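Subject: A structure for you to look at

Hi there,

I am passing a structure on to you, and I hope you enjoy looking through it. Please open it first, and then read on.

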Amino acid sequence: MLKIATINRAAFDGSDLPLCVFAYEDAGLAGAPALSPGARRGVIELANAEGFKGKTGETCSVAYSEKGHTRRYVVTGLGSRKLADAETLRRAAGSLFGWLKDRCLKAALL
């Protein structure tokens with residue numbers, strides 16, 4: 001069972017929780033202002049190297065290291081930025097949670 005709960009930033013930074021992020025197929029990561037520019041580039045480059053295209057609902061997992069800390073990132077596609085709307089996000093979130101429910105006991109969403 002997937003459990004949704006809040007966690008404060010300091011507790012998250014000190015944890016090894018996977019971080020879930022969304023990405024457009026034509027514009028890289030969506031939002032994710034808490035990530036450094038290097039992490040934003042690195043995560044999407046690793047995902048692309050795994051064959052991730054950013055199609056709506058497509059999900060992959062990559063490990064990115066920064067400042068001596070490695071974190072797993074779960075990247076879910078939103079499709080084209082120009083065509084994205086609330087329904088796109090709803091479908092992507094459903095795909096993400098479907099992917100997580102069989103693989104992770106806990107994860108953080110950014």
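This is a predicted model: local features need pLDDT of at least 70, side-chain atom pairs count only at pLDDT 80 or more; totals for chains, interfaces and linings use all residues.

Residues are numbered from 1 along each chain as its sequence is written, and side-chain values use heavy atoms, with hydrogens and water left out.

**The overall picture**

The protein has 3 helices and 5 strands, and from the N terminus they follow the order α-β-β-α-β-β-α-β. Helices (H or I, at least four residues) and strands (E, at least two) are DSSP runs, numbered from the N terminus.

Of the 110 residues, 37% count as buried. Here buried means under 20% relative accessible area, exposed over 50%, and partly exposed in between (1.4 Å probe, protein chains only). Among contacts (heavy atoms within 4.5 Å) with a separation of 6 or more, 57% join residues 24 or more positions apart.

**The salt bridges**

How many salt bridges does a search of the whole structure find? There are 3, where a salt bridge is a side-chain nitrogen of Lys or Arg within 4 Å of a carboxyl oxygen of Asp or Glu. As background, side chains of opposite charge can pair when their charged atoms come close.

One of them joins Lys55 and Glu25, at 3.2 Å from N to O. This pair links distant parts of the chain, 30 residues apart: Lys55 sits in the loop between α2 (37-49) and β3 (59-66), and Glu25 in the loop between β1 (19-24) and β2 (28-30). Lys55 is partly exposed at 48% relative accessibility, and Glu25 is partly exposed at 34%.

Glu87 pairs with Arg90 (2.7 Å, N to O) and also with Arg91 (3.0 Å, N to O), so Glu87, Arg90 and Arg91 form a network of salt bridges. In helix α3 (residues 86-101), Glu87 and Arg90 are separated by about one helical turn because they are 3 residues apart. Glu87 and Arg91, 4 residues apart in that helix, are likewise separated by about one turn. Glu87 is partly exposed at 33%, whereas Arg90 is exposed at 52%.

**Two buried residues**

Val62 lies in strand β3 and is buried, with a relative accessible area of 4%. Leaving aside neighbours within four places in sequence, its contacts include Val43, Leu46, Ala47 and Tyr73.

Thr76 belongs to strand β4 (residues 69-77). Is Thr76 buried or exposed? Thr76 is buried, with a relative accessible area of 0%. Its side chain makes a polar contact with the side chain of Thr59 at 3.1 Å. A polar contact is a pair of N or O atoms within 3.5 Å; within protein, one must be able to donate a hydrogen and the other to accept it, and residues adjacent in sequence count only if both atoms are side-chain atoms. Not counting residues up to four places away in sequence, Thr76 also touches others, including Val21, Phe22, Phe52, Ala92 and Leu96.

Best wishes
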